[in-house]
Amino acid sequence: LEILVTILNVNDHSPVFARANLTAALPEDTKVNTTVVAREDLSAADADLDTIFYELTTIVPGTAGYFAIKGVNNPEIYLQKALDYEKIKSTTLVLYARDRPVGSTDTTNTATATINIIIEQADTKPPWFLPCTFTNADKSICISSPYTGRVNLSEMSTEPLVLQPGPIYAIDPDYVINEKIVYSIVGGNADKVFSVDADTGNLTMNRAATAPDSYLLQVMATQVNNIQKYSVASVEIKVINKSDHAPSFESRVYNGTVFVSLAPRSFVFQTGHPSSPLMIRAVDDDFPDV
């Protein structure tokens, strides 16, 4: 008597990931569609030899939509939306492996793998001159106002010039990277009257200004590691006649008289002289003829 026995494969094993927990790091300027975690690092095995179905979820609020898998049977994770370090610095993904399709009424065995994604800041922004004002809501662009200062005609200052709203200073807004910045004058420096310290940004004089004209300098801040990352700020230096004397009022006390119900912009008259408008005058010994 010949008896043929057929062994039926019962779905009694769950899929198994080779690595149930892994971490991947990528810079924020990673291009969309780039593979983040390879398929061979994520594929699950099933002792029942069933086809594995994958599903990727995100458990960190506000980070959904950045990553996806290539297909229901391909667990390779890729970037599907551009990153911004200011918005997302890390996230945690959960990859499900099932031996039946999602929604199947058959008995389904499931395994999970946790993928931690670390976003690294990239060198994406040029230097910012400070102080500056943000021009957009996500604070990715900061515009500085021109610097201003003044020097005396025919006089060479030996100290760094005092500027408004502050000294020349620039930072790398990619603050985690914080690349070194150097300064140079790239325009407006007729006769090489001024110099800028490459490391500090201090503006000094090489010689005296001989004409009462303003200088409109263009100062560039450049990252040492990448000369294509730079910004240019305007510095207006006014040349003025030296002032040795402070202005002074001709009198320490002025007395005036006004009348009830006078219309706006009416004259105030000198007390005791109702027909003479009150005049307040100051003099400056630097300008004796004025």
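Where does Glu 28 lie? The views below come from a predicted model.

**View 1. Glu 28, a buried acidic residue without a salt bridge.** Glu 28 is found in the loop that runs between strand E2 (21–27) and strand E3 (35–37). The nearest side chain of opposite charge belongs to Lys 125, 5.2 Å away. A salt bridge needs the two charged groups within 4 Å. Not counting residues up to four places away in sequence, Glu 28 touches Leu 83, Asp 84, Tyr 85, Ile 119, Glu 120, Gln 121, Ala 122 and Thr 124.

**View 2. The largest nonpolar core, with 27 residues.** Val 36, Phe 67, Ile 77, Ile 115 and Ile 117 touch the most other members. Two or more residues come from each of E2, E3, strand E5 (53–58), strand E6 (67–71), strand E7 (74–79), strand E8 (90–98) and strand E9 (110–120). E9 gives the most, with 5 residues.

**View 3. Ile 115 and its contacts.** Leaving aside neighbours within four places in sequence, Ile 115 is in contact with Leu 22, Val 37, Leu 42, Ile 77, Thr 91, Thr 92, Leu 93 and Leu 95.

**View 4. Thr 63, in the loop between E5 and E6.** Thr 63 counts as buried because its relative accessible area is 5%, and the cut-off is under 20%. A polar atom of the Thr 63 side chain lies 2.7 Å from the backbone oxygen of Val 60. Beyond its neighbours within four places in sequence, Thr 63 is in contact with Thr 58, Ile 88, Ser 90 and Thr 91.

Technical notes: Residues are numbered from 1 along each chain as its sequence is written. This is a predicted model: local features need pLDDT of at least 70, side-chain atom pairs count only at pLDDT 80 or more; totals for chains, interfaces and linings use all residues. Side-chain values use heavy atoms; hydrogens and water are left out. Helices (H or I, at least four residues) and strands (E, at least two) are DSSP runs, numbered from the N terminus. Buried means under 20% relative accessible area, exposed over 50%, partly exposed in between (1.4 Å probe, protein chains only). Lys and Arg count as positive and Asp and Glu as negative; His and the chain ends are not counted. Contact means heavy atoms within 4.5 Å. A nonpolar core is a set of buried Ala, Val, Leu, Ile, Met, Phe, Trp, Tyr and Cys residues joined through side-chain atoms within 4.5 Å. A polar contact is a pair of N or O atoms within 3.5 Å; within protein, one must be able to donate a hydrogen and the other to accept it, and residues adjacent in sequence count only if both atoms are side-chain atoms.
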